[in-house]
Amino acid sequence: METDNPTPPAPKLKNICIRCGTCCAKGGPAFHLEDRSLIDDGFIHTRHLYTIRKGEMVHDNVRSLVMPSSEEMIKIKGVEDSWQCTFFEEEEKTCKIYKHRPLECRILKCWDPSELAAIYEENRLTRQELLAGIAGLWDLVEEHERQCNYAKLKQSLNDLGGSFERAAVKAAISMVRYDQEVRRLVVSRGGMESDMTDFLFGRPLEKTIGQFGYGVRNRDGNFSLVRV
Ligand code: SF4
């Protein structure tokens, strides 16, 4: 049937990068073993990185789901509290480290994420790869993981029950305080720059505990666990 008002042609699907910056605004890449030389050769400093520890809740960009991270990830920090990659130049919509951008950035095609999906969980770079040769520092990172890993935190939160069982509250608060104290000590006594701590120990537990519906309040040195 002919009409005076034919259906307009379907818009062409995008099949090249138009530098819209959307992918860079949605969060920096996770690092893989192939990216290690970018750190070793000084193109990306660890102060620009942070660690997502195993069990931390993350937004999986490939599956578009929020889920516990099945393994550790090292990622590029966002600008302030946003997800926008710290190396994204917003005005020009360019990457400040374009020639040395990590693997995920090089292979991502937003119109066809299959190539990224194929390597997304392969060969992830970990803190152990980068730090195991540094005696003392790696021991500290391992001890931190033993004391306040997400499996322990979640266990203590699961044990709370409706009445905020005392031992479980104490355990959750102790982990948050331990995490705070380690960060404070590596800076004040260890001489570490404060912007290194999210790489060494992951994001602060006092923030990420909110992902599980709880917060720790400090009133004049008295710590309490609250629902948020
Ligand atoms: S490293 Fe560059 S390409 Fe990759 S997300 Fe950041 S700004 Fe974008």
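A residue counts as partly exposed when the number of other C-beta atoms within 10 Å of its own falls between the buried cut-off of 20 or more and the exposed cut-off of 12 or fewer. Keep that in mind for the first stop on this tour of a predicted model.

**Stop 1: L38.** Select L38, which you will find in helix α2, residues 36-40. Is L38 buried, partly exposed or exposed? It has 18 other C-beta atoms within 10 Å, so L38 is partly exposed. L38 and H59 are 21 residues apart in sequence, and their C-alpha atoms lie 25 Å apart.

**Stop 2: the whole protein.** Zoom out and show the cartoon. The C-alpha atoms fill a box of roughly 75 × 50 × 30 Å along the principal axes. Of the 228 residues, 24% are buried.

**Stop 3: the largest nonpolar core.** Select L49, I74, C85 and L200. These have the most contacts inside the largest nonpolar core, a set of 20 residues. Which elements give two or more residues to this core? They are α1 (22-25), β1 (49-52), β4 (73-76), α8 (166-188) and α9 (197-201). Colour domain 1 (22-127) and domain 2 (132-227) separately, and you can see that the core draws at least three residues from each. Stay with L200 for a moment: setting aside residues up to four places away in sequence, L200 touches V141 and V186.

A second, separate core has twelve residues, including L153, V176, L205 and Y214.

**Stop 4: helix α8.** Select residues 166-188, the helix α8. At 1.5 Å a residue, its 23 residues should span 33 Å, and the end C-alpha atoms are 32 Å apart, which agrees. Next, show the side chains of V169, A172, M175, V176, D179, V182, R183 and V186, the buried residues of α8. What do they pack against? Their partners are α6 (137-148), α7 (150-158), α9, α10 (205-208), β7 (214-219) and β8 (222-227).

**Stop 5: the ligand.** Finish by selecting the ligand and the residues surrounding it: C24, G28, P29, I76, C85, F87, F88, C95, I97, R101 and C105. By class, this shell holds nine nonpolar residues, one polar and one charged. You have met C85 already, among the residues with the most contacts inside the largest nonpolar core.

Note on methods. Residues numbered from 1 in each chain as written. Predicted model: local features only at pLDDT ≥ 70, side-chain atom pairs only at ≥ 80, totals over all residues. Near = placed C-beta within 6 Å. Nonpolar A, V, L, I, M, F, W, Y, C, P; charged D, E, K, R; others polar. Core = buried A, V, L, I, M, F, W, Y, C linked by C-beta atoms within 7 Å. Helix = DSSP H or I, 4+ residues; strand = E, 2+ residues; numbered from the N terminus. Domains from an automatic or database assignment. Contact = placed C-beta atoms within 7 Å. Expected span 1.5 Å × (residues − 1).
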